[in-house]
Structures are given as structure tokens and as C-alpha cells.
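Please read the following briefing alongside the sequence and the structure.

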Amino acid sequence: MRGVVMYTAGDVRVEERENPKIIEPTDAIVRLTATCICGSDLWPYRGIEPADHTAMGHEYVGVVEEVGPEVQSIKVGDFVVGSFVISDNTCEICRSGYQSGCVHREFVAGTIGTQAEKARIPRADGTLVATPGQPDPELIPSLLAASDVLGTGWYGAVAAEAGPGKTVAVVGDGAVGLMAILAAKQLGAERIIAMSRHPERQELARFYGATDIVEERGDAGVAKIKELTGGLGAHSVVEAVGTQESTMHAIGATRLGGHLGFVGVNYDVTIQGIDLFFAGIHVEGGPAPVRRFLPDLIQLIWDRKIDPGKVFDLTLPLDQAAEGYKAMDERRATKVILTL
């Protein structure tokens, strides 16, 4: 089968990989219908994370071709959406709603690699969720978004306790930030402030529910949010970038007693303890427990109540994955879908 392999930073190739096989009795083999490139895939592409002939990709939807003898809830022929973290969905951590911290956790990225024609998904019962039927083609991008960016943005909004009567600020206008805006709107937020400098992303942010756009960054951005909130800051802030500046911006924009949900993969971020101490805020984040939200998100998509698929602004065949990486790295695309 064909699959994307990153030889080293900046060197992305599509080459023949071995077809996956059932190894454990809880495995499933999925023939992928679509896959995509994530903003976190740019970390190894830029040399921030190591890459050495790494199988790429962790977002996936497709049709189950084969299941192991112990798989019970998933059957051959099901169209499934999978989380980017393998989980059993039965351990104590999973039952508390944090499947991304499962005691049997395994990350799909760099191991399984779903930018490919097929994938072996371990612990299929705990990781995959079947859709109510075979989806119409126009739903596939939205279902694919649920595999990571929608679920991650949703977790960011939930961690920030977005809801009725709340003002929510979203730091980051990439795919996850845009999905956090969608989530905040669905959760009933009264006001949603999108931090964005890019006109096309501002337009999409408004489509998803943003009521205000703030282009300023750093201290100026914090000051603008406080100006918009009577000097207090936002009740709920989602940090969806992961840089030092964006993290401090998010902390500064959160009002005393407010909630910050951080879902941007953060490298080299240093927070002075005294700054966090006097911020007086609630903080939650990390790898999103997408599996917690998948059933509800799939239903919302199936019922056409949300359209997260609009976050994909470039479609390429799998064979052109290298161009997709380049387009996202150069910010010519927000998120690239790869067709099979």
C-alpha cells in the first residue's frame, strides 16, 4: 500500500509500505477513505521533533475490512471514525473521560501512521466509533475533522468551561482554534473573541460563531480583550497554538477565577510560577480525549447541525502529500485533506 513517510525534517515521501495485518485479537484493519495533515505534523517537518523514516498521520476515517476475534462493537463493513490516541475505553482513566491518558495509551502518530491507504488500529472497540450508516460523500471531511481537530477544539472549549453567559477568547486561528470557536458556539457561549490576523480565517471564524475579531498580539492583544470585557478578561480562554507568546497571551486574557483550556502542543514554553500564582485561574489541557466526544460529534455532523469540514481549504491526492506539508508550513493552507 502507499503511505507517507518523513525521512527527516522537510523530506516527505509517499512510498510503498507493507499492508497491515491483524496482530492482536483486538485489532481492526481499516481501509481509509480520507486522511489529512495536522498542524502538529509540522513539528517534525520543521525539525522540532525528530523524524527518521517516520510513518506519518493520525487522523482517519474509513471502512473496516477485517477485525480480530475479540472485537465486539465494530464489524466488517462499518464506516468508522477513530481517535488519534489508542485507548481501551474501559480503564479507570478512560471511564473518567480522559481516554488520551488510557493506561494502554498508544499514539497513532509516528507508529501506525494513517496518511496511508490502510491502517491497523489496536483496541478497536475502545478507539473506533461507527457512524449510523455509510456517510454521504459531503460528510466525509467533517467526519475526518472529528478524528482530531474538532475533538481537540471541543475539548479546549470544554476545559475552558465555555457555556451560556460566558465570553470566550480563542488564541490561535488554525484548524484547532477554529474548531474551538465552533465548539464554544455549540456550547452556548454568549460572546466569542477570535484572535486572528488573516482575513480568510477571520471569515471562517465568523462563520463558526465568532462575534469579535482581535488582530493584536501579546500585551496589546491582552489589553484589547480586557477592553472588550470591561477590564476583566474573558471567562473562558482556549490556547490553540503552543508558543511562549500565545501561552502568556492566553493566561493574561483570562479573568481572575476564569478557565483556560490549553490544547496547543507547547514546546519550550516557560511560565514563571509567580505569574501563574497571581493569575488566579483554572487551567486544564493536554492531548484531547477525543474518544469522549466522538459519539456526540458524529451525531451532530450526521444530523448536519455542524460543518467542521469547512476547515479544510486544500484537497490533494495522497501522492501529493509533500506539497500539502509545504502549503501548511508556508501558511498557504489552514488544513489539507488527502484523498485516496
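Strand β11 and strand β12 (residues 191-195) pair in the parallel sense over five bridges, where strands are DSSP runs of E of at least two residues, helices are runs of H or I of at least four residues, and both are numbered from the N terminus; two strands pair if DSSP finds at least two bridges between them. This is a predicted model, in which local features need pLDDT of at least 70 and side-chain atom pairs count only at pLDDT 80 or more, while totals for chains, interfaces and linings use all residues. Residues are numbered from 1 along each chain as its sequence is written, and side-chain values use heavy atoms, with hydrogens and water left out.

**Strand β11**
- Strand β11 covers residues 167-171, and five of its five residues are buried, buried being under 20% relative accessible area, exposed over 50% and partly exposed in between, with a 1.4 Å probe and protein chains only.
- T167, A169 and V171 point one way from β11, whereas V168 and V170 point the other way, and all are buried.

**Overall fold**
- The secondary structure of the protein comprises twelve helices and 18 strands.
- The protein is as compact as a globular protein of its length, because its radius of gyration is 19 Å, close to the 20 Å that the globule rule gives for 340 residues; the radius is taken over C-alpha atoms, and the rule is 2.2 Å times the number of residues to the power 0.38.
- Along its principal axes, the C-alpha trace spans about 60 × 40 × 40 Å.
- Among contacts (heavy atoms within 4.5 Å) between residues at least 6 apart in sequence, 68% join residues at least 24 apart.

**Burial, surface and charge**
- Of the 340 residues of the protein, 54% count as buried.
- The protein exposes about 14100 Å², of which carbon and sulfur atoms supply 50%; accessible areas come from the Shrake-Rupley method with a 1.4 Å probe, and for residues only the protein chains shown count as cover.
- There are 31 positive side chains (Lys and Arg) and 45 negative ones (Asp and Glu), with His and the chain ends not counted.
- The centres of the two charge sets lie 3 Å apart, each charge being placed at NZ of Lys, CZ of Arg, CG of Asp or CD of Glu.

**Two loop residues with positive phi**
- R304, a residue other than glycine, has a positive phi near 60°; R304 lies in the loop between α11 (290-302) and β17 (314-317) and is partly exposed, with a relative accessible area of 47%.
- R331, in the loop between α12 (321-329) and β18 (336-339), likewise has a positive phi near 60°, and R331 counts as partly exposed at 46% relative accessibility.
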